[in-house]
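Keep the structure open as you read.

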Amino acid sequence: MAVDTLYTGGRIRTFDPDQPWAEALGVTGDRIAYVGSDVDAPSARRTVQLEGRLLTPGVADTHNHLLLGFDDLAVSLDQVTSLDVVRARIGEFAETHPELEWICAENALYSVVEGRRPNADDLVGVTDKPVFITTNDQHSVWLNRPALAKLGILNGGDIAWGNPEIDAATGEPTGWVTDFYTSAMTIDGLAELQRDIPMYSPDRRYAKIANSLDMAARFGITTVVEPQVPLAELDLFARAEREGRLTSRTIAAIYHPVGADGDFRARITEAIRDTPQHERFKLGPVKLYADDVIEPHTAAMLQDYANRPGHRGHTSLEPTEFTRLFTELDRLGYQVHTHATGDWGIRLTLDSIEAAQRANGRTDTRHGIVHVECLDPDDLPRFRDLGVVAAMQPRHASPDLVGSVR
């Protein structure tokens, strides 16, 4: 038996308990046809010498926001812990990019200002251009005063993609916006962002997907669950397929906004039916939010926040309404991925899964809870009992970011 390609001369990791390592691997077509020793390896039409390098199975990443990849025209604040560095980077970028109407930045840390959240005053004097900064978890936005004026919220106006924080003493917006990502991916929120913020134009969003897929390929990630795709952006993945950029198998979860009704669920069903699906792209789960995130105190907690007595955050929907929605999605046969970070949000999701199983019968749906950041120990065995998958990320387990923020 001959194979098309034989890989040899390196370390081949199989993850098979009975044969964890091999010397050679043969491939015919798109299937592995041989794993074993060099001595027993079949002849091959082509041989690839690994030259001591490691060959492993591809990584399947169950939670990877391709739409949140790095933007080439945005300032990276990843891991920046100093406000002075934030100011310097933004100021330098504004000077070297005079053609840009907005200065966008991404991945700011909540704790970049000690003891409180950042605000518009922290950016005074950096640039006269409007500045739009997303946090490292994409759940909050930091604006300067020109941005507040440009968006019409300097004097208390509303935006569709978040909740501007208001200073209790002055009644003025602070420049901090919460509940961003739950609002930004709604139909109205995304349309408003695309209208006002250049970083959310279709071309720049597509570039983020392409950058993310390139990075995934470099790190051996061959399957990605993109956990939150608005219906309006499904065509970006079709473009990636047409242009040969869809290098990882991608399973997209369609975002179900809080408050969306049966008509929207019908549109999800239509999208799954009408969107071309193939080996590299499939539509599957539906994404819900039980709560928000801990750092800005918007995650739903069973007890008061230690640094904000009397406040426990909030669920995204009134609990009874959330359970009713979850039960309906389960009845329709959807696998549901639910964002839940606070222990109350997690418990609400588990309660809703249990209620759905009582109402609809239990099937092998394998609903998932995403992040599971602050879990009450009493709820841990319920994951096993209810057949729930926990998709956890180290980035959402950062108590150092919480302790200094008030």
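Asp214 and Arg245 join their side chains in a salt bridge, with N and O 2.9 Å apart. A salt bridge here is a side-chain nitrogen of Lys or Arg within 4 Å of a carboxyl oxygen of Asp or Glu. This pair ties distant parts of the chain together, 31 residues apart. Asp214 sits in helix α5 (residues 202-218). Arg245 lies in the loop between α6 (234-242) and β14 (249-255). Helices (H or I, at least four residues) and strands (E, at least two) are DSSP runs, numbered from the N terminus.

The model is predicted: local features need pLDDT of at least 70, side-chain atom pairs count only at pLDDT 80 or more, and totals for chains, interfaces and linings use all residues. Residues are numbered from 1 along each chain as its sequence is written, and side-chain values use heavy atoms, without hydrogens and water.

How exposed are the two partners? Asp214 has 31% relative accessibility, so it counts as partly exposed. Arg245 is partly exposed too, at 29%. The classes are buried (under 20% relative accessible area), exposed (over 50%) and partly exposed in between, with a 1.4 Å probe and protein chains only.

Now take Arg31 and Asp30. Their side chains form a salt bridge at 3.3 Å, N to O. Both residues are exposed.

Arg366 pairs with Asp364 in another salt bridge, the closest N and O atoms being 3.0 Å apart. Asp364 is exposed, at 60% relative accessible area. Elsewhere, salt bridges with shared partners link Arg347, Asp351, Glu354, Arg358, Asp376, Asp379 and Arg382 into one network. The structure holds 26 salt bridges.
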